[in-house]
Amino acid sequence: MSEQMQFIVEKLNQEPFRKNYNLITFDSLESTQLLQLLNDVLGEIDPKHAVDIREELPEQTAKRMLSLLGILKYKPPGSISDLSAFRQGLVTGSKPVIHPVLHWLLQRTNELKKRAYLARFLVKLEVPAEFLQDDTVADINKQYEELMEAFKNLHKECEQLKTSGLSTAEIRRDISAMEEEKDQLIKRVERLKKRVETVQNHQRMLEIARQLRLEKEREESLAQQKQEQKNQLFHAEQRLQRAQLQLKEMHHAVVDSKPESLMKKLEEEINFNSYLVTEKIPRELESKKNSAYFLQKVVAEPAMSQSDLSVLEIKINEVNAQMNQLIEKRMMKYEPIDSKFSMYRQQASIISRKKEAKAEELQAAKEEMSSTEKQMLQKTSQAHELEGSEVLKGDEFKHYVNKLRSKTTFYKKKRLEIAEITAEYGILQRTEELLKQRHEAIQQQLQAIEEKKGISGYSYTQEELERVSAVKSEMDEMKGRTLDNMSEMVKKLNAMVAEKKASLAPVIKELRQLRQKCQELTQECDEKKIQYDSCAAGLESNRSTLEQEVKGLLEECVQEESNYRYINCMKRYLEVQLQRAKEEMKAYISSDPQERRKTIREQYTRMILEQENLGKKLREKQKLVRESHGPNMKQIKMWQDLEQLMECKRECFLKQQNQTAIGQVIQEGGKDRLVL
């Protein structure tokens, strides 16, 4: 309990409460202050409850708090009688009731805020069945439920976006990077425009390039459509292959089978399916329902602490011990007749378990067979994609093997030729190295001769001139080729444009017809729209009148519902008072003295007697005090006079001592003078 109070005080001293309590001040709070504190905590969870409880009746406060605690799924400890005591304690502000509620609320404030927020939109308004018979009310209720489902989906998407990890900083970085890329692309486009402006007829070439780009885009879209149609064709072929495979399997099954075997197979399948339907599936369904029921119970209960879990474990251990004791008692009372029946029961249970195991094995085998069939179809489709044909069988496979052998022999011959060519390449490479060495030696000799003759560098300049002339001739050839290529490209582009125009001519004709049809449809659509607007205006006026009627009915419903809840709360309060009165009468009438002592009347009579006895004692004591007051006051006066007399004597004694000490000092001084 002290840990609970310590936790509550710590939470209340933090944000957003900031109460500055300690254990003593918190424990000394009155009932109204405790209720106001509980109301403040509930107001932090749901702002609608942030009110002053002094401005409303206690019944209204209790009703409001109980409704919110019910929405928050607070489960008070104890049984039904304890629940009535809980309601009474909540009304009166009892500490044993308020403290656990505060502890539970402050433990999970954020979770309860979210639950209270969702409850504003997800707590379904129950409409009576007789009101739902009206079509308008039923439609509005249906819209209300649809909006509730839409709110659930939007809330889930919002939570997913919050937990997805996307931050604004990352988005800003991406935007800045994209803007930089955009600036770079703009600069590149400007540079390319400047480079193109120097070329002759650049406008015409740009127009041709634009047309080429458009045609390429159209070609890509057509290629994409072609690929989609190929994919559709491939899927259709796969479905056809699966159907053909099933047909072949059925043919094989029918060819080698007899009516007796078919009937036997059918009987086996019927028996297996009937076993699944009558025994296995209902058992599994029952177990799933039980598990779902227990899970719903667990979800409905509040969060359990470690102490609650330990208590449950202790209870489970006690129940298991009781079960073991009962089993041992039953084994001790073992009879031979029961032993025979138990033997048969054991055999039947063993057979049923074997049957279940075999059924599961059969189910697993069927699933494995279906998975292998799917894998086989996937492999055949992959082979069809790779090879472009179906998997070879029989003579086709032999022919394929022979063809592969001939290709391997041809491959070996070509490999030998490649080996000979590589050997010859090595020889030529060696000769090239030797010739290079000889050329270098001759060049050195030539340079020495040129130096002797005084014309050094002549051969180098001649080689450079020859190289420059060769480069110039190559450049001239390249220019001529580029001009030829450009003229050819222009011709090709013109031809392609003409072809595209010719191919687009029927499409343009169809487009004109479609445009005319579109104009007719738009006229018809406008006429229909005018009719729709007139009809919608009439329906809107009817809807507004119905909305006003529904609003008035809803207000009446809310008023009646509030009256009903108030009457129900007062009824419960009076039932609690009546129950207390009945218990009091029962205890008062009972012959058991112990029970009679527990009654409130007996308790109050005992308290009255105790207070009367205490009053008698106090009156006697008061009488004694009054009688002895005069003598006591005289005695006090005498003692005070005595004290003053003693004080005077002490002062006189002190003065006398001081005078004697001074006289002795004077006498000693006179003696000293006489000696001198």
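This note goes through a predicted model point by point, from the whole chain down to single residues.

1. **Ground rules.** In this predicted model, local features need pLDDT of at least 70 and side-chain atom pairs count only at pLDDT 80 or more, while totals for chains, interfaces and linings use all residues. Residues are numbered from 1 along each chain as its sequence is written, and side-chain values use heavy atoms, with hydrogens and water left out.

2. **The chain as a whole.** The chain has 19 helices and 0 strands. Helices (H or I, at least four residues) and strands (E, at least two) are DSSP runs, numbered from the N terminus. Of the 676 residues, 11% are buried. Buried means under 20% relative accessible area, exposed means over 50%, and partly exposed lies in between (1.4 Å probe, protein chains only).

3. **Surface and contacts.** The accessible surface is about 57,600 Å². Carbon and sulfur atoms hold 58% of that surface. Such areas come from the Shrake-Rupley method with a 1.4 Å probe; for residues, only the protein chains shown count as cover. Now take contacts between residues at least 6 apart in sequence: 59% of them join residues at least 24 apart. Contact means heavy atoms within 4.5 Å.

4. **Helix H4.** H4 covers residues 58-71, which is 14 residues. Its first and last C-alpha atoms are 20 Å apart, close to the 20 Å expected at 1.5 Å a residue. The expected span is 1.5 Å times one less than the number of residues. Which residues of H4 are buried? They are Thr-61, Ala-62, Arg-64, Met-65, Leu-68 and Leu-69. These residues cover an arc of only 165 degrees around the axis, so they sit on the same side of H4. The arc is taken from the directions from the helix axis to the C-beta atoms.

5. **Lys-73.** Look just after H4. Lys-73 has a positive phi of about 65 degrees, although it is not a glycine. Lys-73 lies in the loop between H4 and helix H5 (80-92). Its relative accessibility is 46%, so Lys-73 counts as partly exposed.

6. **Gln-4 and His-103.** Gln-4 is in helix H1 (residues 2-13). His-103 is in helix H6 (residues 95-107). Is Gln-4 buried or exposed? Gln-4 is buried, with a relative accessible area of 18%. His-103 is buried too, at 19%. Leave aside neighbours within four places in sequence: Gln-4 is then in contact with His-99, Pro-100 and His-103. By that count, His-103 is in contact with Gln-4, Phe-7 and Ile-8. Gln-4 and Leu-102 are 98 residues apart along the chain, but their C-alpha atoms are separated by 9.3 Å.

7. H7 (residues 109-122) has 14 residues and should span 20 Å at 1.5 Å a residue. Its end C-alpha atoms are 19 Å apart, which agrees. Buried in H7 are Thr-109, Leu-112, Ala-116, Leu-118 and Ala-119. Lys-113 forms a salt bridge with Glu-44, with the closest N and O atoms 3.2 Å apart. This pair links distant parts of the chain: Lys-113 is in H7, Glu-44 is in helix H3 (residues 31-45), and they are 69 residues apart. Lys-113 is partly exposed at 31%, and Glu-44 is partly exposed at 28%.

8. **Other salt bridges.** How many salt bridges are there? The count is 13. A salt bridge is a side-chain nitrogen of Lys or Arg within 4 Å of a carboxyl oxygen of Asp or Glu. Lys-152 pairs with Glu-149, with the closest N and O atoms 3.6 Å apart. They are separated by about one helical turn, because they are 3 residues apart in helix H9 (residues 135-163). Glu-433 pairs with Arg-430, with the closest N and O atoms 3.4 Å apart. Both lie in helix H15 (residues 395-453), 3 residues apart. Salt bridges that share partners also join Glu-540, Arg-543 and Glu-547 into one network.

9. **A nonpolar patch.** Ile-600, Tyr-604, Met-607 and Ile-608 form a nonpolar patch on the surface. Together they have about 400 Å² of accessible area. Tyr-604 is in helix H18 (residues 600-627). Patches are made of residues with over 30% relative accessible area and no salt bridge; like charges are joined within 9 Å, and nonpolar side chains (Val, Leu, Ile, Met, Phe, Trp, Tyr) within 5 Å.
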